[in-house]
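These are my notes from going through the structure. I took one topic at a time and wrote down what I looked up.

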Amino acid sequence: MSIAQRIEDQGLPPAFLRWFASRGWSPRSHQLDLLEHARGGRSTLLIAPTGAGKTLAGFLPSLVELAHREPKKAGMARRSIHTLYVSPLKALAVDVARNVETPITEMKLPIRIESRTGDTPQAKRQRQKVDPPDILLTTPEQVALLLASREAEDLFRGLRRIIVDELHALAPTKRGDLLALGLARLRTLAPDATITGLSATVSNPDDLRRWLVGQPSNGGSLPLTRSPAGHSTSTRFTGRGNLADLVIVEGGAQPDIHIHETGEHLPWSGHAARHALPAVYEEIKRHRMTLIFVNTRFVAEFAFQELWRLNSDDLPIALHHGSLDVAQRRRVEAAMAAGKLRAVVATSTLDLGIDWGDIDLVVHVGSPKGSSRLLQRIGRANHRMDEPSKAIIVPGSRFERVECEATRAAALAGEQDAETVRIGGLDVLAQHVLGMACPWPFDADELYDQVTSAAPYSALSRADFDAVLNFVANGGYALKSYDRFAKIRRNKDGHWRVANPQTALRYRLNVGTITEAEMIKIRLIRGSGGGGGLTGPIGRGGRVLGELEEGFVNMLSPGDSFVFGGEILQFHAVVENFAYCSRSNASDPKVPSYAGSKMPFTTGVAARVRKMIADPESWEVFPEQVREWLEIQQKRSIIPGPDQLLVETFPRGGRYFLTCYPFEGRLAHQTLGMLLTRRMERAKLRPLGFVATDYAVTIWGLKDVAHEIARGRLSIEALFDQDMLGDDLEEWLAESSLMKRTFRDCAIIAGLIERNFPGQKKTGRQVTMSSDLVYDVLRRHEPDHVLLRAARADAARGLLDIARLGEMLARVKGHVIHKPLDRVSPLAVPGILEIGREPIYGEAQDALIEEAAEELVAEAMGSA
Amino acid sequence: MSETTEFDLLDTPFTVLPEGGLWHDGERALIVADLHFEKGSAYAARGRGLFPPYDTAATLALLERLVARLQPKTVMALGDSFHDSRAGERIHKSDVDVLCGLQTGRDWIWIAGNHDPEPPSCVTGDWLPELRIGNIVLRHEPTPGEAPGEIAGHLHPVAKIRVRGSGVRRRCVATDGKRAILPAFGAYAGGLNVRDRAFSTLFAPEALCAWMLGNQGVYRMPVSRLVPDGY
């Protein structure tokens with residue numbers, strides 16, 4: 001059927017046809033598809049690449065319906081929202097409001113559209129509750145807040161449509177959990193509303209189709225699984241369940257992805273790709289607008305600074321990352337949209353959202369770490385779908401050169417390796433349960449049915465639900481001493497209500513699932529001119545440049561210089577919540593040493609890397625220096641097969657090294673390093689420390705491991721036995737600072753610990769309740785408490801990546817090969833070079849204190 | 001571990017215990033400060049969070065360990081033993097039983113603190129504003145200015161050092177040989193950095209050192225090694 005025929009059949013109103021024509025457009029096929037699905041009362045998932053007119057497709061059915069609505073009676077306010085649009089980004093909600101206003105104004109449609117975010121003035125938010133717009137654009141947190149208010153029933157009773165934007169980015173996160181629970185509640189308030197999900201291409205569309213709509217409430221019908229070891233390890237919804245309809249817009253032309261081949265020496269380690277930046281600068285000159293993606297804020301700062309050093313033509317090049325002041329970021333976005341920039345160096349802050357201008361080249365400095373991520377970022381270039389997007393990947397090191405090749409191959413094969421969905425977190429559920437008790441009392445059975453209708457929670461057992469409910473009520477401790485201080489209580493008919501208005505207020509202040517690291521704002525003050533730092537007290541005031549993690553600020557000593565926002569700053573002091581810094585004239589800043597990429601590469605890319613390295617014939621695609629590197633490895637040591645785990649041992653500088661190459665990403669490797677050193681310690685091998693990269697774990701110590709193996713006193717297979725994930729893991733986890741951080745996040749989301757609010761003055765540490773202390777006490781007295789279970793589940797998937805480590809250990813069982821060497825091998829060099837640059841892991845802080853104490857003794861005794 | 005964990009206050013030797021107390025061998029006295037029993041339930045009662053109600057049990061378990069090991073003749077608790085005046089109404093019976101068991105067969109001296117000016121009815125033992133033993137005086141709140149021989153609590157000292165780029169922050173005993181301030185012993189008690197202004201008038205600046213509590217041992221750090229929070 002031709003589009004023209006369909007337009008007629010769909011009865012796209014004449015005003016809309018004229019509007020499309022006035023823009024020189026005609027409605028696209030998927031836009032009409034969505035109209036048709038909406039008319040049939042169907043919920044739909046639209047998968048389309050950027051630039052396909054996804055947003056308009058999502059709104060078109062609402063606009064058409066609202067345009068033909070009965071005019072409201074004079075003096076009667078409508079109390080209900082017609083269309084609710086939810087996006088993960090505040091800025092997106094605001095920008096989309098602006099974009100959708102264009103057709104509304106131009107067609108003179110009687111439609112009111114407003115956004116509502118954390119930045120919306122309180123008065124306006126209040127007014128929106130009693131006099132809502134027809135279309136409300138908002139975020140998951142605001143949806144939760146609205147649902148927890150008494151106006152919710154009125155606001156949503158007449159809700160017709162829900163649009164969830166960037167669903168692929170939301171669904172696999174805790175914010176996605178929060179929204180999924182909110183949608184479950186909305187389905188009971190407005191059973192006839194339909195939902196449209198807008199998503200980039202994903203590996204398992206069916207998971208998102210389930211995510212969007214209510215699942216049969218027979219409890220446990222949709223268990224989630226992780227597929228077996230050795231393959232992709234993504235979380236999947238299994239079983240049947242209900243599916244939203246699916247509309248797919250095929251991607252445009254195959255992207256044009258180059259890997260930068262340098263004439264310079266390709267570094268052995270690192271990510272910043274300094275060697276390639278002159279070439280990147282030349283590309284900027286050759287293109288209209290270049291978007292330069294990097295993996296971390298530190299590399300962003302570094303690349304930005306280097307590019308300006310090279311910028312003899314004075315090209316407008318800007319910087320965009322999440323720590324910069326919001327106003328500064330908005331200025332950069334506006335300048336991009338207006339075509340006033342030639343290049344922007346950006347982190348993931350520009351991954352999502354509307355189109356920011358006419359980008360004709362995407363450069364990726366450092367490995368993109370995954371195929372989906374690369375495709376998503378390439379999609380930022382060239383929004384005419386029929387022309388290929390152009391991208392250049394710039395490897396920072398030899399291993400990255402191999403990794404980039406693997407990522408490119410995966411991207412060209414259209415492989416999607418990003419997680420699509422996740423199992424709903426119990427901490428998020430706790431927050432939701434409290435929210436649901438705020439407006440009116442709820443019945444626990446009904447709420448359980450409602451919660452399990454959300455796909456991420458469809459496998460939630462009643463026992464776990466009750467554990468969460470009890471946690472919200474009285475802490476859920478075995479020792480029942482808080483009943484009289486309960487936050488929610490049962491009334492006479494057995495329904496749960498919030499115990500007092502203060503609890504509801506606290507809920508509202510603490511809603512949301514984003515628990516940033518403690519951030520410290522940077523204030524710019526005037527320096528002392530000389531090199532001696534400031535004298536006298538540091539005053540207040542000074543412009544705020546942005547913010548930094550407390551952990552990073554803690555690493556700085558007064559006088560240290562670092563790069564921020566493209567400037568070299570000198571650190572002076574922290575006073576209350578501000579880090580006072582001045583401009584520095586240092587030419588070589590102390591760029592933070594842990595400039596590595598934090599995100600591990602995906603299992604899909606990892607499998608390809610292992611295969612490529614194992615197969616010398618595939619090395620032909622690599623440049624001479626990379627090929628040579630691998631060939632010498634082959635000669636001197638071993639090239640491991642794709643399912644083998646190579647372990648090399650060699651002496652160096654008075655230490656004995658052990659390097660293994662699991663290629664499972666830095667998070668799993670950190671965990672592995674921690675467990676291996678524990679085990680080696682017990683075997684009296686006296687390990688001293690280790691570093692983890694995406695590719696390898698390098699451990700050094702005082703005892704010759706090869707010798708122990710040769711003497712039959714140590715089995716290499718036993719060293720890598722899966723049983724390390726048992727008691728050793730438990731023991732280590734208990735003390736791990738990563739675990740404590742994970743626990744803190746869960747405790748904040750679940751409402752045990754309150755957030756720190758910006759501007760709120762930090763009170764002395766002795767009066768605040770420290771999550772670390774709470775963790776220690778809870779772990780010892782009630783190790784199976786629901787909050788510890790939530791934290792463990794997060795740790796397994798998140799910072800510790802235990803799931804991936806477990807799959808690796810299972811895969812290499814019986815395939816661990818030990819190669820004793822008399823010196824470092826080519827593959828081992830990158831790991832060795834990271835020593836001193838990466839933080840040395842080891843939770844044995846006592847050892848550090850001891851070291852400091854020993855240093856002092858040595859100093860006092862005059863031994864050097 | 002340092003070879004010795006002993007220091008002299010004026011001329012009286014004290015041993016720093018890794019659990020966070022002091023041992024006076026002459027008197028066979030165990031001195032601890034700021035137990036803050038029932039801090040968790042105090043938060044709950046004020047609607048500030050339902051924290052695990054096991055802090056009193058955890059604090060008592062640690063105390064029990066010390067008592068079993070050292071068999072003190074006297075236990076001295078330097079104030080803020082109870083987090084608030086109603087802690088005695090909220091404390092769990094089993095915790096009271098453990099406490100009574102610890103008190104049996106020895107002297108027990110409670111020094112009054114700002115959180116607990118009055119003793120709760122559930123406990124026995126002597127309740128004193130301060131206690132003098134020779135030239136040593138035990139009180140809750142350190143006296144501003146010079147106070148030779150004073151052992152106090154109240155400030156919850158912690159020390160922070162930096163080693164190889166990592167910060168390590170631990171509870172500590174702060175002393176300059178004339179005065180000692182004990183760390184908080186309570187499981188939920190936070191800490192204040194000894195480099196904070198609150199400590200500056202209490203110690204001779206150069207002579208200050210912190211006995212940091214490690215998991216296994218106690219480590220003496222001179223003031224030159226100590227960094228404020230935020231560094």
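**Domains**

I looked up the spacing of two domains of chain A: the centres of domain 1 and domain 2, taken over C-alpha atoms, are 32 Å apart. I note here that this is a predicted model. The division of chain A runs as domain 1 (3–214), domain 2 (256–412), domain 3 (426–514 + 742–792), domain 4 (521–583) and domain 5 (637–736 + 800–849).

**Six-stranded sheet**

I then read off the strand order of an open sheet in chain A. The order is β10-β15-β14-β11-β13-β12, six strands with parallel pairing. I find β10 (256–259) and β12 (317–320) of chain A at the edges, each pairing on one side only. From one strand to the next, the twist averages 20°.

Next I checked one pair inside this sheet. Strands β11 (residues 290–293) and β14 (residues 361–365) of chain A run parallel and are joined by four bridges. In that pairing, A:F293 stands opposite A:H364 of β14(A).

I also looked for helices on the sheet. Helix α13 (residues 297–310) of chain A packs on it and touches β11, β12, β13 (343–346) and β14 of chain A. The direction of α13 makes about 155° with that of β13(A). Helix α15 (residues 371–378) of chain A lies across β10, β11, β14 and β15 (390–394) of chain A. Against β14(A), helix α15 runs at about 145°.

I moved to strand β5 (residues 161–164) of chain A and asked which way its side chains point. A:R161 and A:I163 point one way, A:I162 and A:V164 the other way, and all are buried.

Which strands pair with β5(A)? I found strand β2 (residues 83–86) of chain A, paired in the parallel sense over four bridges. I also found strand β6 (residues 194–199) of chain A, which runs parallel to β5(A) and is joined to it by four bridges. A:I162 has a bridge partner in each of these strands: A:L84 of β2(A) and A:I195 of β6(A).

**Position A:E151**

I looked up where A:E151 sits and found it in the loop between α7 (140–147) and α8 (152–157) of chain A. Leaving out residues up to four places away in sequence, A:E151 touches A:K129 and A:V130. I also noted A:P439, which is 288 residues from A:E151 along the chain, with 8.3 Å between their C-alpha atoms.

**Helix α22**

I checked the length of helix α22 (residues 603–614) of chain A. The helix has twelve residues and reaches 16 Å from first C-alpha to last, close to the 16 Å expected at 1.5 Å a residue. Ten of the twelve residues of α22(A) are buried, so the helix is largely enclosed by the rest of the structure. Among the buried ones I listed A:V605, A:R608, A:R610 and A:M612. The cover over the buried residues includes α15, α16 (398–412), α23 (624–636) and α31 (802–812) of chain A.

**Chain B**

Last, I looked up an annotation for chain B. An unreviewed UniProt entry gives "domain: Calcineurin-like phosphoesterase" for residues 28–122 of chain B. Over this stretch the chain is 40% helix and 14% strand, and the end C-alpha atoms are 26 Å apart.

Technical notes:
Residues numbered from 1 in each chain as written. Chains lettered and ligands numbered in written order. Predicted model: local features only at pLDDT ≥ 70, side-chain atom pairs only at ≥ 80, totals over all residues. Helix = DSSP H or I, 4+ residues; strand = E, 2+ residues; numbered from the N terminus. Contact = placed C-beta atoms within 7 Å. Pairing = 2+ DSSP bridges. Axes fitted to C-alpha atoms, helices over the stretch in contact; angles between N-to-C directions. Buried ≥ 20, exposed ≤ 12 C-beta atoms within 10 Å, placed from the backbone. Expected span 1.5 Å × (residues − 1). UniProt positions renumbered as here; feature names shortened; annotations may be inferred. Domains from an automatic or database assignment.
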